[in-house]
Amino acid sequence: MAPPSATTTSIQVAVRIRPTTTQDAASIPPRFQRAVVHPISDTTVAVDPVSAQPTSAGAGTGASPSSTGSQKKQTFIFDQVHPPDSTQHALFTSTAEPLLNHFLEGFNCTILAYGQTSSGKTFTMTGIDLDADPSDPHNGMGIIPRAVSTLFKRARALKEERGNTWNYSIKGSFIEIYNEDLLDLLADDGTGARREVQIREDKGHIIWTGLREVNVKNATEVMGLIRQGASMRRTNETDMNAQSSRSHAIFSLTLTQKKFTGSSPPPRSSSPLPPSGRSPSRLARPGSMYAPSNSRVSSPTFGRPGTPSFSTAMDRGGLRPPSSLGQQDDGGGEWVTITSKFHFVDLAGSERLKRTAAAGERAKEGISINSGLLALGNVISALGDPARAKTNTATHIPYRDSKLTRLLQDSLGGNAHTLMIACVSPAEWNAGETVNTLKYANRARNIKNRVTLNEKEEGWDDVEWLQTTVARLRKELKTIKENGGKGAGASTAGGAEPVEGASKKVLDQMVQLQSNYEDLRAKFTDRTEELTRLRRELAEKQGQSTSGGMNATARYEEIVGPVIEEYEKTINAMEAELSLNRAALRHTNDLYEEKEAELAEVTEKSQQTELYVDELKLRVSKLTEREASTEVCFCLF
Ligand SMILES: Nc1ncnc2c1ncn2[C@@H]1O[C@H](COP(=O)(O)OP(=O)(O)OP(=O)(O)O)[C@@H](O)[C@H]1O
């Protein structure tokens, strides 16, 4: 269920009609080369009647044309229609650019290029002239490079405007689905082997695990990743496209923003990400901002559930030993993390195997591509079913029928602003596929997504943050120890060791608790996932039972029912244990604070003693001076 703050938004659909290409001239029989797809307005496209029923292939392909023909002109309405002469820049500004605003606000976004083989999907998403200037409106760069360049420009401007109350980091990943295998296009272990990526579901949200996410600092670095991934992607020559994509590819950007919510600006040292090259400050968190760039990670869940806030601890000075802070955090606020994902999806083209003259491996690829697209079509059909929208009933959506639909679950009917670009060829030869594409795209317009801001306060549920905090505290304790219990930067005369020892003990306890907490959470997630799966299967069986098979369903219920019950019990127990664990962590944190306060007190006393000693020393030297001058006077008399 979407959180109450979620808003409903429809999937936007833009159609792009590509111009006639030289490949068309070479591969399409001349009499079927005429353009039959025309924009009627900015939002309407028409497909002319295909009167002549082409029967022979010509052009040496030996294949049949795609269309069985239509005697009527067909028109379709979309959110946008782009004619063959629309430039890459114009397409970008009207489709991707507005989505970048949502992305920067913290919403997930997806752009999906859909269409038959050779309809211009890769040209639209990636384009050509990849070494050119992405801000130049005249070159052939596609949506991804332009979006990346714009994103960094905007992020830099925001940084300048907001100063140290806001920080960001960006990561890129690139995967492909090839023959139903999900592979990491950026994984490079030197062996040339491709790494598999897994899909998990956590409380209804899709998580991709095992993929390499690379920290990127500028558009040039992102372009490097795109080139690297594109070179790994399976492409091949078919009769219809000299460089046909044989896999579905998804390039993703993850934007992590840290926002300070206090009324007054946070102290410089509490900024989680230094603007440039500075080493992380002592309050830097979470670790992901500084994660080694080649780390293998799990993607963040979309719309993580609310967590008990850690703000109270932070407000009280939290885990910061005041003795080593050096400055006060009197901003009275807290850091909030906003994570958003932008998926750029370039699907492999739907194709008629006969027409692309596919055989052997090519045919296998084609079948796999088509089955993924078929599953996508079924998901779009189910989600876009007008009856479903009207009655608001929960229909079964067959996301699990393919890796592609599973991956895109959040983008289709889930938590994302999604734009589909339906790419079509203008030629009569392709009219059948074009009409199919337009029908699917039209149906996709009915799909409603529920978008919500992926915002969370740093807190007890944020393992990454807890880890960084513990690491930081350890470092600080070490500093205190090295300074002989004086605290970082303080000059005291010792006396803090016993308190420091106690403080360390509490900290160790906290680390232990945190690790237990993590284990427990992982188990909890697994059980919940299993339970969701069982429930869904049961619901499916129940759904099927209306069309017969009552006995089988009853038997299934008999078997699965107790298992579900058992899982529910375990999950309840785990939830209780998790909350106990959180309470223990909180309690330990309070203890830690107490010890830290004691340490600060001892440190302060030591400082006062030192001052007192200095004062005494001064008095002694003054007295000595006075005595000496008295002696001189005696001599004079
Ligand atoms: N808008 C356009 N302007 C100029 N050329 C285009 C345009 N769209 C596509 N093309 C050209 O058409 C050919 C096929 O395009 P592209 O490879 O992008 O198709 P595709 O849909 O990705 O195909 P596949 O599914 O087989 O990978 C390419 O040579 C491309 O440069």
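**Helix packing and sheets in a predicted model**

When residues up to four places away in sequence are not counted, I564 touches L531, L534 and R535, two residues being in contact if their C-beta atoms, placed from the backbone, lie within 7 Å. The model is predicted, and local features need a pLDDT of at least 70, side-chain atom pairs count only at pLDDT 80 or more, and totals for chains, interfaces and linings use all residues. Numbering starts from 1 along each chain as its sequence is written. I564 belongs to helix α14 (residues 550-636); helices (H or I, at least four residues) and strands (E, at least two) are DSSP runs, numbered from the N terminus. Between the C-alpha atoms of I564 and L534, which are 30 residues apart along the chain, the separation is 6.9 Å. I564 is partly exposed, because 16 other C-beta atoms lie within 10 Å. On this scale a residue is buried if 20 or more other C-beta atoms lie within 10 Å of its own, exposed if 12 or fewer, and partly exposed in between, the C-beta atoms again being placed from the backbone.

The protein as a whole contains 14 helices and 21 strands. Of its 637 residues, 40% are buried. Among contacts with a separation of 6 or more, 77% join residues 24 or more positions apart.

Helix α2 (residues 88-105) includes A96. A96 is buried, because 24 other C-beta atoms lie within 10 Å. Beyond its neighbours within four places in sequence, A96 is in contact with I111, I143, R146 and A147. The C-alpha atom of A96 is separated by 9.3 Å from that of T110, 14 residues apart along the chain.

The axes of α2 and α4 come within 10 Å and cross at roughly 45°; axes are lines fitted to C-alpha atoms, for helices over the stretch in contact, and angles run from 0 to 180 degrees between N-to-C directions. The two helices are therefore oblique to each other; angles under 35 degrees count as roughly parallel, over 145 as roughly antiparallel, 65 to 115 as roughly perpendicular and the rest as oblique. The crossing of α2 with α4 is right-handed; a crossing is left-handed if the near helix is turned anticlockwise from the far one by less than a right angle, and right-handed if clockwise. From α2 the contact involves L91, F92, T95, A96, E97, L100 and L104, and from α4 it involves I143, R146, A147, T150, L151 and R154. By class, these residues are eight nonpolar, two polar and three charged, where Ala, Val, Leu, Ile, Met, Phe, Trp, Tyr, Cys and Pro count as nonpolar, Asp, Glu, Lys and Arg as charged, and the others, Gly among them, as polar.

Helix α4 (residues 143-162) also meets helix α5 (residues 219-232), their axes coming within 9 Å and crossing at roughly 155°. At that angle α4 is roughly antiparallel to α5. The crossing of α4 with α5 is right-handed. I144, P145, V148, S149 and F152 of α4 make the contact with A219, V222, M223 and I226 of α5. This contact has eight nonpolar residues, one polar residue and no charged residues.

Three of them form an open sheet in the order β3-β4-β5, with antiparallel pairing; two strands pair if DSSP finds at least two bridges between them. At the edges stand β3 (37-39) and β5 (74-77), each pairing on one side only. From one strand to the next, the twist averages 20°. Strand β4 (residues 44-47) is joined to β5 by four bridges, and V45 stands opposite F76 in β5. Helix α11 (residues 431-444) lies across β3, β4 and β5, at about 150° to β4.

Elsewhere, strand β1 (residues 7-10) pairs with β20 in the antiparallel sense over four bridges, and S10 has K448 of β20 as its bridge partner. In a regular strand the side chains alternate between the two faces of the sheet.

Two loop residues complete the account. Most residues other than glycine have a negative phi. S118, in the loop between β7 (109-114) and α3 (121-125), has a positive phi near 70°. S118 is buried, with 28 other C-beta atoms within 10 Å. D129, in the loop between α3 and α4, has a positive phi near 55°. D129 is partly exposed, with 15 other C-beta atoms within 10 Å.
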